[in-house]
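Here are some notes on this model for your review.

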Amino acid sequence: VVALRLGPQSRASAALARATRVSIEPQEGDREALFQECSRHTVEECDLVLAVWDGQEPRGAGGTGASVAYARALGRPLIWLDAKTGEVRAEERLPA
């Protein structure tokens, strides 16, 4: 999800300018449902999911835990940096 009120000097604006593809998701409706849809769309479009995550069960739709669970369900390669310990973990077979 990209907020449209980005200042020209923000890091997000700089990243957006370098993007090879941009998808603007709907911004109206239930906030949790919008996060969930954005999360699902992001995972579906990824060849590899990289997550900074605390390893906890999902605490809401569209959060990191839910994204990781969805990536696992789809069999997406997953690398996660444990937000508590800094340990890097790889799951599934990584693309060559």
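1. A pocket here is an open set of points on a 1 Å grid over the protein atoms alone, where a 1.4 Å probe fits, with protein on both sides within 12 Å along at least five of seven lines; lining residues have an atom within 4 Å of a point. The model is predicted: local features need pLDDT of at least 70, side-chain atom pairs count only at pLDDT 80 or more, and totals for chains, interfaces and linings use all residues. Residues are numbered from 1 along each chain as its sequence is written, and side-chain values use heavy atoms, without hydrogens and water.

2. The lining of the second largest pocket consists of C38, S39, T42, V43, C46, V49, L50, A51, V52, T64, S67 and V68. Two or more of its residues come from each of α2 (31–45), β1 (49–53) and α3 (64–74).

3. Nine residues form the largest nonpolar core: V43, V49, A51, W53, V68, Y70, A71, L78 and W80. Such a core is a set of buried Ala, Val, Leu, Ile, Met, Phe, Trp, Tyr and Cys residues joined through side-chain atoms within 4.5 Å, where buried means under 20% relative accessible area (1.4 Å probe, protein chains only).

4. D82 belongs to strand β2 (residues 78–82) and is buried, at 7% relative accessible area. Its side chain makes a polar contact with the side chain of R89 at 3.3 Å; the term covers N or O pairs within 3.5 Å, one able to donate a hydrogen and the other to accept it, and residues adjacent in sequence count only if both atoms are side-chain atoms. A polar atom of the D82 side chain also lies 3.1 Å from the backbone nitrogen of T85.

Definitions and conventions. Helices (H or I, at least four residues) and strands (E, at least two) are DSSP runs, numbered from the N terminus. Buried means under 20% relative accessible area, exposed over 50%, partly exposed in between (1.4 Å probe, protein chains only).
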